[in-house]
Structures are given as structure tokens and as C-alpha cells.
Amino acid sequence: MLKIVNRVLLGLAGLLLVVLGGSVLAVGLGADPPSWWIHDGRHDVLLSDADRARWRADGWWWPAVIAALTVAVLLALWWLTAVLRRRRLAEVLVDTSDGEGALLRGRALEDVLAAEAGALEGVRGARASLIGRRSAPEARVRLLLEPHAAPAETLTRLTTQSLAHARDSAGLTSLPAEAHLRAAKHPAERVN
């Protein structure tokens with residue numbers, strides 16, 4: 001959901017800036033603006049002194065401007081933190097039983113888990129990602145199943161083989177997982 005919101009907001013902001021900037025550039029280069037446009041000609045300013053001072057005498061003007069700017073800044077900060085926050089684990093803490101511990105790259109464990117899940121019978125493709133804390137990771141596995149695969153059997157194999165092996169090899173007490181199964185599309189079979 002965040003990726004969609006991010007792309008839509010960036011697209012709308014970019015489109016708005018291109019349209020406004022392009023129109024100001026076109027008028028500045030001598031193009032005739034439409035009658036409803038914000039400025040009339042090459043030497044016209046975007047905001048005249050009268051436009052800038054129009055609402056100053058009203059009591060609601062400055063609180064409304066401050067509130068709008070505050071909302072804009074808060075939305076921009078929320079957007080920035082949402083984009084910069086890492087969803088995937090960079091590393092997993094492995095208990096080495098000597099009190100020290102070791103760090104395992106999260107991407108390496110994801111790759112191994114995806115490779116083992118992809119090698120299961122009836123699985124055409126697999127992707128895995130780790131989320132959560134590095135001392136208590138959680139797995140998200142997406143499987144693309146062959147048309148003939150039985151989802152219940154595939155899920156059982158994923159749990160008892162791939163996830164169990166990843167949990168044991170990383171020395172974790174548990175590895176909660178969320179599996180998304182999707183059937184691969186296949187062409188219609190022709191009968192002669």
C-alpha cells in the first residue's frame with residue numbers, strides 16, 4: 001500500500017510541477033496564455049502586491065495559513081519516515097551458545113529460504129522476506145504453485161522442511177511465517 005501511495009503522490013507532485021513550470025516558461029518565452037491563466041504576459045508577476053495583501057486584514061487569514069503549512073509539513077515528515085523506514089531485516093542475530101552471538105545477513109537467509117521453498121514439489125517460484133526484530137524475525141513467503149499442486153501439501157512441506165531448516169540453521173527458537181500461495185496460470189488444454 002505504501003508503494004502505491006508513494007508512487008501516486010510523487011506522480012501527482014511531478015505532474016503539477018511540470019505543468020506549472022512549463023506554463024511559466026512558455027509564457028516567459030512569449031506564448032499567449034489563456035484568459036483564465038494566473039498571469040497575463042511576459043513581464044507579469046505571479047502574485048501582485050494586491051494579491052499578496054488581500055486577506056491580511058481578515059482575522060482568519062494567518063491561522064489558516066499556519067494551519068495549512070503545519071499540515072503540509074507533518075504530511076511531508078510522515079511520508080519521509082515511511083519511505084526511509086526499512087521493512088526488511090538487514091541481519092539476524094544467531095545464538096552461538098557462547099554468549100557472544102553472530103550476525104547473519106538477512107538477505108542470505110531470505111535467498112536460502114526462497115531457494116528451498118522453490119525446490120518443493122509443485123512450486124514454480126518462491127520469494128521470501130524477513131521482517132521484525134533481528135532477535136525475533138518473521139518470514140513472509142510467496143509461492144507460485146503449479147496448476148496440479150495441492151496447496152495443503154505444499155504448505156505442510158513449506159512448514160516442516162524449508163521453514164524448519166531456516167529456523168534450525170539460524171539457531172532461532174521460533175520462526176513465525178506468513179505464506180501467500182498463488183496458482184500459476186496455464187494455457188487451456190485442447191482436446192482432439
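Which side chain meets that of R134 in a salt bridge?

1. The partner of R134 is E91, with an N to O distance of 2.7 Å, where a salt bridge is a side-chain nitrogen of Lys or Arg within 4 Å of a carboxyl oxygen of Asp or Glu. Because R134 lies in the loop between β3 (123–133) and β4 while E91 belongs to strand β1, the pair ties together parts that are 43 residues apart in sequence. R134 is partly exposed at a relative accessible area of 39%, and E91 is likewise partly exposed, at 28%; the cut-offs are under 20% for buried and over 50% for exposed, with partly exposed in between (1.4 Å probe, protein chains only).

2. On provenance, this is a predicted model, in which local features need pLDDT of at least 70 and side-chain atom pairs count only at pLDDT 80 or more, whereas totals for chains, interfaces and linings use all residues. Residues are numbered from 1 along each chain as its sequence is written, and side-chain values use heavy atoms, with hydrogens and water left out.

3. The structure holds five salt bridges. In one of them E146 pairs with R124, the closest N and O atoms being 3.1 Å apart. This pair links distant parts of the chain, since E146 is in the loop between β4 and α5 (151–169) and R124 is in strand β3, 22 residues apart. E146 is partly exposed at 22% relative accessibility, and R124 is partly exposed at 44%.

4. The side chains of R167 and D168 also meet in a salt bridge, at 3.4 Å from N to O. R167 is partly exposed, with a relative accessible area of 27%, whereas D168 counts as exposed at 52%. Separately, E121, E153 and R157 are linked in a network of salt bridges.

5. Strand β1 (residues 91–94) has V92 and V94 on its covered face and E91 and L93 on its uncovered one; helices (H or I, at least four residues) and strands (E, at least two) are DSSP runs, numbered from the N terminus. In a regular strand the side chains alternate between the two faces of the sheet. Four bridges join β1 to strand β2 (residues 102–105) in an antiparallel arrangement, pairing being assigned if DSSP finds at least two bridges between two strands. Within this pair, V94 stands opposite A102 of β2.

6. A positive surface patch is formed by K3, R7, R85, R87, R127, R140, R142, R182 and K185. The elements giving two or more residues to the positive patch are α1 (2–28) and β4 (136–145). Patch residues have over 30% relative accessible area and no salt bridge, like charges being joined within 9 Å and nonpolar side chains (Val, Leu, Ile, Met, Phe, Trp, Tyr) within 5 Å. Lys and Arg count as positive and Asp and Glu as negative, with His and the chain ends not counted, and the place of a charge is NZ of Lys, CZ of Arg, CG of Asp or CD of Glu. R140 is found in strand β4 and is partly exposed at 37%.

7. V73, L74, L77, L80, V83 and L84 make a nonpolar surface patch of about 570 Å², with accessible areas taken from the Shrake-Rupley method with a 1.4 Å probe. L80 is found in helix α3 (residues 61–84) and is partly exposed at 46% relative accessibility.

8. L143 lies in strand β4 and is buried at 3% relative accessibility.
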